[in-house]
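Me: I would like to learn how to read a few features of a model. Can you take me through them, general idea first?

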Amino acid sequence: MKIALAQLNYHIGNFSSNTSKIIAAIEKAKAQQAQIIVFSELAIGGYPAKDLLQNAAFLNNCHDSLTVIASHCQDILCIIGAPIPNTDSEGKALYNAAVCLENGKIIHVSKKGLLPDYDVFDEYRYFEPNRQFTCLTYKNTKIALTICEDLWDDDQGNNSYVGDPMQELLQENPDLLINIAASPFSYSHYQDRLAVLRSQVAKAQRPLIYVNQVGAHMDIIFDGRSLAMDENGAICCELKKFEEDLQIVDYSNQTIQSTITYTAPQDLEIALIHEALLLGLRDYFRKSGFKKAVLGLSGGLDSALVAALACEALGAENVLAILLPSIYSSDHSIQDALDLVKNTNCAHHIIPIKDITQAFETTLAPFFEGQQPGIAEENIQARTRGTLLMAISNKFGHIVLNTSNKSEAAVGYGTLYGDMAGSISVIGDVYKSKAYELARYINRNQEIIPVNTIDKAPSAELRPDQKDSDSLPPYDLLDQILFQYIEKQKSKEEIIALGFDESTVERITKLVNNAEFKRFQAPPILRISPKAFGPGRSMPLVAVYQ
C-alpha cells in the first residue's frame, strides 16, 4: 500500500486557497497510485484559528470544504485534520479531529484527547477532549490514528493529562501508527520530537507516519519535517524543512520503505534559525497581503540584521531603509548603514532628526526648566524616529519592521513608541549574542552586513560616547542569565546557585520584571526559541516578583 505524506503551508481562513491546495495534493498522490494520503492537524481552516473557531461562518466553511474535498477522494483514503461539532449535550462545542474521507463520505473520525494549554497552545479553550479511542481498519490494516499531543504522553508522569490515548490504542494491536500534527518550530524542538516519536514506535514495535504542518502564522512558525519511521525507529523518509513537500512511502506487512534514501540532516542551529526567520517574515507579508517593508537603519547590528533578513525574504526591491541620524550619530555608523544599503541594493533615504528633536526640546523647555538632560531627551530622539517611520508607513503603505533583539526586550532597553514601534518584531526572540552569530552566518558566502557593524561596540548613540555596556553587563553574560530566567524559568536563587554573581542576577531579574508593561505593548515576535515573549510567556503586569 502506498501512503502519501502531504506537508502543506495553509492560510488560516483562506478556504478557497487551502481547499484547492489539498485537492491538488490528492490528485498528485492518486497519480502516483497512493491508496492513502495524510494531511496535518486542523488543515481544514488552518492552525491556530483561535477565536475563529467560535465563528459560525468559519465553521460552516470548514464543513463545506470537507464536503468538497471528500468528493475528490475516489479510490483513495484521505486523512485530514478538521474541527468537527460535538453532538453531545455536554462539553465544548467542538472536537479537534482527524477525519477520514473516502468515496465522498466520512468513514471514520479520530478525536484528539490530549489538548495542550501551555506555552503558545490554547486548545482547551475551544475543544472537548476525547475520552474513548479506537483504531481505524482500512484494507485489512489496523491503524492507530492520533493527533499531535496524543503521542506526547510522559512515562514519568510529568504531564498534566488524564488518560493515555496510545495506551488504549495499543491494546488493539495496530499494524501502523499515524499521527497528524501542528508542532511549532523552536531551535531545540526537533530532537525532542524525534525522541517522542521513537518512544512510541518502541512501545508499539510498529512503523509510524508523522505529518506536520509547515509555514508561519505570525508568531508561530512550523518547520514541517514530516517523516516515516520503521518499526525499529529508523527514519526512512523525511520531508523538507520550512517548505511544502509531498512524498510517497510503501507500507506492507507492518513495514515501511521509501524509494528515497534518507540522509540524517547536519543542520547548524543558526542555519535553522535563519531559515525560520525568513519563512516567518515572508509568510507574514504574503498571508497579510503586504508587499513593502520599511525600517530604520542605524548602522548598528540589529537594524542591519533585520534589513538583511528582509531583503532576503521579501526581495531588496521591497525594502526601504531610512537613515535617521541625530547629532550623536557617528560618521562610521552612517557609513556602515550606507555600506549595507550598497551590499543589499535596497532603496534608502536619509532624514536627519536634529531639527525635529530640537523643536521638541524647545517646546518642552519651560516644563523641564531646572532639570538635567537625561533619559527623557534620549527617548525624544527614539520617538522622533518612530514617528517618522510610521508616517512613511501611513503614506506609502510600507510595513514597519521592528529591530529590537531579545536581550533588549528582556531588560526593557528600548523606548515605547520609539524604537519599539513596528508591525512585526523580526529578531525579538534572538538574544544579542545569537544576533552576532546570525550576522556572521548571513555573511558566510559574501559580506552583506558590514564587518565593522559586527565588530564595533554596540551603542544606541543617544548621548555622547554612549555604549550599551554603560547600562548593561556584557551581552555574553547577560544572555546566559536571561536564558536561565526566561527559557529555563529558574528563580534568581537557582541562577545564583549556578555560580552567577548575586548582585548581577538581582539587577537583571528586576529589570526583566519591571519591563513587562513594555513587552505587553511590543509588536508580535517571530518565535524561534522554546520560550518567546508573547503568548508563550504570560506574566502579570502588576505583581510582586520573587
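Reply: Start with the naming. Helices and strands are DSSP runs, numbered from the N terminus; a helix has at least four residues and a strand at least two. Keep in mind that this is a predicted model.

Me: Let us begin with the backbone. In which loop does Asn 103 lie, and what is its phi?

Reply: Most residues other than glycine have a negative phi, and most peptide bonds are trans. Asn 103 has a positive phi of about 50°, although it is not a glycine. Look for Asn 103 in the loop between strand 4 (94-102) and strand 5 (105-111).

Me: Which residues does the cis peptide bond join?

Reply: Tyr 47 and Pro 48 are joined by a cis peptide bond, with omega about 0°. Pro 48 sits in the loop between strand 2 (36-38) and helix 2 (56-71).

Me: Now helix packing. At what angle do helix 5 and helix 11 pack?

Reply: Two packed helices are described by the angle between their axes and the distance between the axes. Helix 5 (residues 269-288) and helix 11 (residues 432-442) pack at about 85°, and their axes are 10 Å apart. The two helices are therefore roughly perpendicular to each other.

Me: Which residues meet there?

Reply: Helix 5 brings Glu 269, Ile 270, Ala 271, Ile 273, His 274 and Leu 277; helix 11 brings Lys 434, Glu 437, Leu 438, Tyr 441 and Ile 442. By class, this contact of helix 5 with helix 11 has seven nonpolar, one polar and three charged residues.

Me: How do helix 8 and helix 9 cross?

Reply: The axes of helix 8 (residues 354-368) and helix 9 (residues 375-396) come within 10 Å and cross at roughly 135°. Angles from 65 to 115 degrees count as roughly perpendicular and those over 145 as roughly antiparallel, so helix 8 and helix 9 are oblique to each other. The crossing is right-handed. Residues in the contact include Phe 360 and Leu 364 of helix 8, and Ile 380 and Leu 388 of helix 9. The contact divides into seven nonpolar, three polar and two charged residues.

Me: Last, cavities. How many of 30 Å³ or more are there?

Reply: The count is one cavity of 30 Å³ or more. The largest cavity has a volume of about 140 Å³.

Me: What lines the largest cavity?

Reply: Its lining has 17 residues, and Ser 404, Asn 405, Ala 409, Met 420 and Ala 522 lie nearest the centre. Helix 10 (406-411) and helix 16 (516-520) each supply at least two lining residues. By class, the lining has seven nonpolar, seven polar and three charged residues.

Note on methods. Residues numbered from 1 in each chain as written. Predicted model: local features only at pLDDT ≥ 70, side-chain atom pairs only at ≥ 80, totals over all residues. Heavy atoms only, no water. Axes fitted to C-alpha atoms, helices over the stretch in contact; angles between N-to-C directions. Parallel < 35°, antiparallel > 145°, perpendicular 65-115°, else oblique. Left-handed = near helix turned anticlockwise from the far one by under 90°. Contact = heavy atoms within 4.5 Å. Nonpolar A, V, L, I, M, F, W, Y, C, P; charged D, E, K, R; others polar. 1 Å grid on protein atoms, 1.4 Å probe; cavity = no way out; pocket = protein on both sides within 12 Å on 5 of 7 lines; lining within 4 Å. Points joined across faces, edges and corners; volume = space filled by probe spheres on them.
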